[in-house]
Structure formats: structure tokens, C-alpha cells
Amino acid sequence: MSTTSILVLNGPNLSRLGKREPEIYGHQTIDDINRELSVSFPDISFEFFQSEHEGAMTEKLFEAEDRGSFRGVVLNAGAFTHYSIALRDAISAVKLPVIEVHLSNVHAREPFRRTSVISEVCRGVISGFGAGSYHLGVRALLGEV
Ligand code: DQA
């Protein structure tokens with residue numbers, strides 16, 4: 001039986017988790033969140049990638065598709081969620097299912113966060129459960145929700 005692989009893709013400023021506005025994003029670092037995912041889903045082979053750069057994220061999506069081994073992508077696009085047409089087009093361009101996740105409830109915050117230019121091309125959206133949003137995203141890709 002082949003291993004299921006999932007790409008966890010994080011965008012700008014998520015490298016600062018733990019230090020960044022902990023009242024909104026919690027105290028865990030991105031490494032803490034990634035480690036917990038590996039522990040919670042021991043049968044999944046995760047690849048974790050974070051970038052501050054839009055192009056690096058689109059390239060990673062294309063690479064993931066070309067490698068042909070990923071079940072799908074759990075994506076926290078950070079602020080790119082709200083305005084990156086390039087990222088939206090890249091999600092549309094690949095056949096991999098992409099689950100949009102957010103630590104915070106973007107609908108309970110500033111009005112500009114209520115707009116996502118990527119939701120329409122993602123398989124689904126999970127927002128507001130802290131690190132649990134990533135876990136739910138993985139479960140969605142596994143068909144467990
Ligand atoms: C975020 C919400 C975005 O609005 C914000 O720009 C982020 C993080 C979240 O996980 O809650 O960087 O995606």
C-alpha cells in the first residue's frame with residue numbers, strides 16, 4: 001500500500017507564528033503546528049512549505065502536481081488569500097484538491113478579510129479553529145469529514 005502524501009503550504013507572515021499577535025493566532029510556532037500534524041496523522045507523509053513570496057507558492061503548487069504523489073494541499077495563504085489572483089490562478093491550474101484554512105475566523109475580523117479570492121477554486125474552507133483548522137483540512141483531504 002502506498003503512503004498518502006499531503007502538502008501543507010503556508011504563506012506570508014506565518015513564519016512569525018508564536019510571536020505574531022498571539023491573542024489572534026495563539027502561541028504555537030509553525031514548527032509546533034507541523035509537528036502536531038505529523039504526530040496526529042502518523043500514516044501520512046507530510047511535506048511542509050512556507051514562503052513569504054507569491055511566486056514561490058505558485059511554483060510549489062506546480063511542483064506538487066508534477067511530482068504526482070500528493071493527495072492534496074492544505075493551504076493557509078495568509079494575506080494572499082484576500083488579493084492574490086496569481087495564487088488563485090495557480091490553484092485553478094492544478095488538479096490537486098486544495099483546502100483553504102485559516103487559524104482565525106476571518107469573518108469575525110476586519111471587513112477586508114471577509115473577501116477571499118481563492119475560496120471559489122478551493123475544495124472547501126476551514127476558518128477559526130486555530131491549529132485545528134489544519135487538522136480538519138487534512139481530514140477533509142482524507143475524506144473523513
Ligand atoms: C490568516 C488570516 C489572514 O487574514 C491573515 O492575513 C493571515 C493569517 C489566518 O490563518 O487566520 O496572515 O490566514
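Colleague: Where does a polar side-chain atom of S104 lie relative to the ligand?

Modeller: A polar contact is a pair of N or O atoms within 3.5 Å; within protein, one must be able to donate a hydrogen and the other to accept it, and residues adjacent in sequence count only if both atoms are side-chain atoms. Here a polar side-chain atom of S104 is 2.6 Å from an oxygen atom of the ligand. The protein covers 99% of the 320 Å² of accessible area (Shrake-Rupley method, 1.4 Å probe) that the ligand has on its own.

Colleague: What should I know about the origin of these values?

Modeller: The model is predicted: local features need pLDDT of at least 70, side-chain atom pairs count only at pLDDT 80 or more, and totals for chains, interfaces and linings use all residues. Residues are numbered from 1 along each chain as its sequence is written, and side-chain values use heavy atoms, leaving out hydrogens and water.

Colleague: How many helices and strands does the chain have?

Modeller: Helices (H or I, at least four residues) and strands (E, at least two) are DSSP runs, numbered from the N terminus. The chain has 6 helices and 5 strands, in the order β-α-α-β-α-β-α-α-β-β-α from the N terminus.

Colleague: What share of the residues is buried?

Modeller: Buried means under 20% relative accessible area (1.4 Å probe, protein chains only). In this chain, 47% of the 145 residues count as buried.

Terms used:
Buried < 20%, exposed > 50% of the residue type's maximum accessible area, 1.4 Å probe, protein only.
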